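Reader: I'm new to this one and a bit lost. Could you pick a single part, take me through it closely, and then show me what lies around it?

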Amino acid sequence: MPPTPQKSPRKIKIATWNVNSIKARLPNVLAWLKEAQPDVVLMQEIKCVDENFPRTEIEDAGYNVATHGQKTYNGVAILSKSPLEDVQPRLPDGDGDDHARYMEATVFGKVRVASIYLPNGNPLGTEKFTYKLTWMERLRNHMKRGLMDGEMRIYGGDYNVIPQDDDVYNAKAFAGDALLQPESRAHFRSFLHLGLTNAFREFNQLPHQYSYWDYQAGAWQKDNGLLIDFLLLSPRAADALTNAGIDKGPRGKEKASDHTPVWCEMTV
DNA sequence: ATGCCAGGTAACACCTGA
């Protein structure tokens with residue numbers, strides 16, 4: 001099928017969603033694609049190697065697909081109704097890092113998007129936490145280099161950081177958690193200090209807005225959540241931003257992921 | 001707040017997640 005000529009300007013919807021296994025989530029993902037009609041999806045925790053990604057099913061839903069998979073853990077993907085150009089997995093300066101946590105590509109011929117699955121970092125006092133902080137430093141360096149060209153860029157994903165105490169149902173209960181340590185928060189703020197805009201917060205400043213709810217202890221029913229999934233936009237992308245939000249629908253479904261999609265709309 | 005839930009791997013128990 002020949003590529004569809006792109007009308008310009010046009011409004012596109014870009015979402016990030018940690019699906020917690022694409023194999024387990026495929027029916028929910030297909031239903032949400034049909035219902036929400038995102039143009040681009042930045043997906044995390046696909047938990048499968050590239051050969052096992054349900055590529056045909058996603059393509060039949062109208063998307064081009066790029067995957068950077070890994071067995072059992074991690075794994076990221078990018079879905080787009082446009083062709084995917086210049087697909088680049090992994091952060092540079094890996095130094096033996098074999099986790100599949102990052103991939104970027106150009107969509108709609110002009111927007112550079114990244115799908116990010118930032119390390120969790122628990123428990124404190126282990127190499128897992130230092131790995132998280134090192135990974136965040138590498139991400140910041142990569143963002144800084146990328147932002148020099150002034151193009152539209154979107155860094156979306158599961159950042160595994162609770163930026164403010166009001167972004168969690170009970171900050172005290174998470175005092176010893178890697179997600180809200182001062183070091184994790186400082187690194188997250190350092191992303192914003194590069195000039196990136198948190199798309200959701202441009203349209204919603206209310207406290208206790210969440211993108212994740214634990215499977216346990218009735219967290220969803222009690223709205224005991226965390227805000228840890230973000231779309232961070234370069235200045236040019238932020239200028240094009242028209243709306244953003246959190247779609248809580250998928251979290252309430254049967255066989256839900258513990259994360260729900262965060263989305264934004266922009267004119268490109 | 002851990003592992004009460006969920007997913008994966010591989011085996012009918014253990015690891016990881018946030």
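**A tyrosine in a loop**

Author: Let's start with Y215, whose side chain reaches the backbone oxygen of A256 at 2.9 Å. That makes a polar contact, meaning a pair of N or O atoms within 3.5 Å; within protein, one must be able to donate a hydrogen and the other to accept it, and residues adjacent in sequence count only if both atoms are side-chain atoms. Before going on, keep in mind that this is a predicted model, where local features need pLDDT of at least 70 and side-chain atom pairs pLDDT 80 or more, while totals for chains, interfaces and linings use all residues. Residues are numbered from 1 along each chain as its sequence is written, chains are lettered from A and ligands numbered from 1 in the order in which they are written, and side-chain values use heavy atoms, with hydrogens and water left out.

Back to Y215: a polar atom of its side chain also lies 3.2 Å from the backbone nitrogen of D258. Setting aside residues up to four places away in sequence, Y215 touches N20, R25, R251, A256, S257 and D258 (contact means heavy atoms within 4.5 Å). You'll find Y215 in the loop between β10 (212–213) and β11 (225–226). Helices here are DSSP runs of H or I with at least four residues, strands are runs of E with at least two, and both are numbered from the N terminus. Y215 has 43% relative accessibility, so it counts as partly exposed; buried means under 20% relative accessible area, exposed over 50%, and partly exposed in between, using a 1.4 Å probe and protein chains only. For a sense of scale, V111 is 104 residues from Y215 in sequence and 34 Å from it in space, C-alpha to C-alpha.

Now for the DNA. 27 residues surround DNA strand B, and the closest are S21, T72, N120, Q216 and L226; a residue is near a strand if one of its heavy atoms lies within 4 Å of it. Helix α1 (residues 22–36) gives the most to this surface, with three residues. N120 has a side-chain N or O atom 2.3 Å from a base nitrogen of DNA strand B. Y117 instead has a side-chain N or O atom 2.9 Å from a phosphate oxygen, and a polar side-chain atom of K255 lies 3.5 Å from a phosphate oxygen.

Finally, look at strand β1 (residues 11–18), where seven of the eight residues are buried. β1 pairs with strand β14 (residues 262–267) in the antiparallel sense over six bridges, and T16 has V262 as its bridge partner there. With strand β2 (residues 40–44), β1 pairs in the parallel sense over five bridges, and N18 stands opposite Q44. Two strands pair if DSSP finds at least two bridges between them.
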